[in-house]
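Colleague: Could you take a close look at the sheet in this one for me, along with what packs and pairs around it? I'd like the whole story in one go.

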Amino acid sequence: FASWSILSNITAAIILFFYFPYRIGSKIRIVDGDNSVEGEVYDLSLFAVIIKNNEGQKVSYPNNMILQKAIVILKD
């Protein structure tokens, strides 16, 4: 299962890098019920998107999970 998870995260990273409308510096909200995350995209890596929230904390969200959730791009 571990290799499948790694492969799905890398595949999701490629999709996110080439086809999604947000980049480093974009302000987004990941809609995930009570676990929603809002902030600025700080980094895009092979395994996760790092989001810096309003309190300055860095939140790591796995790439394969971010493809399954609704993303709201926020205006400045």
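Modeller: Here is a walk through the sheet, then the core, then the charged pairs.

First, a word on the source: this is a predicted model, where local features need pLDDT of at least 70, side-chain atom pairs count only at pLDDT 80 or more, and totals for chains, interfaces and linings use all residues. Residues are numbered from 1 along each chain as its sequence is written, and side-chain values use heavy atoms, with hydrogens and water left out.

The sheet is open and has 5 strands in the order 4-3-2-1-5, with antiparallel pairing. Strand 4 (58–62) and strand 5 sit at the edges with a single partner strand each, so one side of each has no neighbour in the sheet. From one strand to the next, the twist averages 45° (axes are lines fitted to C-alpha atoms, for helices over the stretch in contact, and angles run from 0 to 180 degrees between N-to-C directions). Strands here are DSSP runs of E, at least two residues, and helices are runs of H or I, at least four, numbered from the N terminus; two strands pair if DSSP finds at least two bridges between them. Strand 3 (residues 48–52) and strand 4 run antiparallel and are joined by 5 bridges, with K52 opposite K58 in strand 4.

Now the packing. The largest nonpolar core has 10 residues: L16, Y22, I28, I30, V37, V41, V49, I51, Y61 and I66. Such a core is a set of buried Ala, Val, Leu, Ile, Met, Phe, Trp, Tyr and Cys residues joined through side-chain atoms within 4.5 Å. Strand 1, strand 2 and strand 3 each give two or more residues to this core. Leaving out neighbours within four places in sequence, I66 is in contact (heavy atoms within 4.5 Å) with L16, Y22, I30, V49, Y61 and I71.

On to charges: there are 2 salt bridges, meaning a side-chain nitrogen of Lys or Arg within 4 Å of a carboxyl oxygen of Asp or Glu. One joins R29 and E38 at 2.9 Å, N to O. R29 is partly exposed at 30% relative accessibility, and E38 is partly exposed at 33%; buried is under 20% relative accessible area, exposed over 50%, partly exposed in between (1.4 Å probe, protein chains only). D32 and K69 form a salt bridge too, with their closest N and O atoms 3.3 Å apart. D32 is in the loop between strand 1 (27–31) and strand 2 (37–44), and K69 in the loop between helix 2 (63–66) and strand 5 (70–74), so this pair ties together parts 37 residues apart in sequence.
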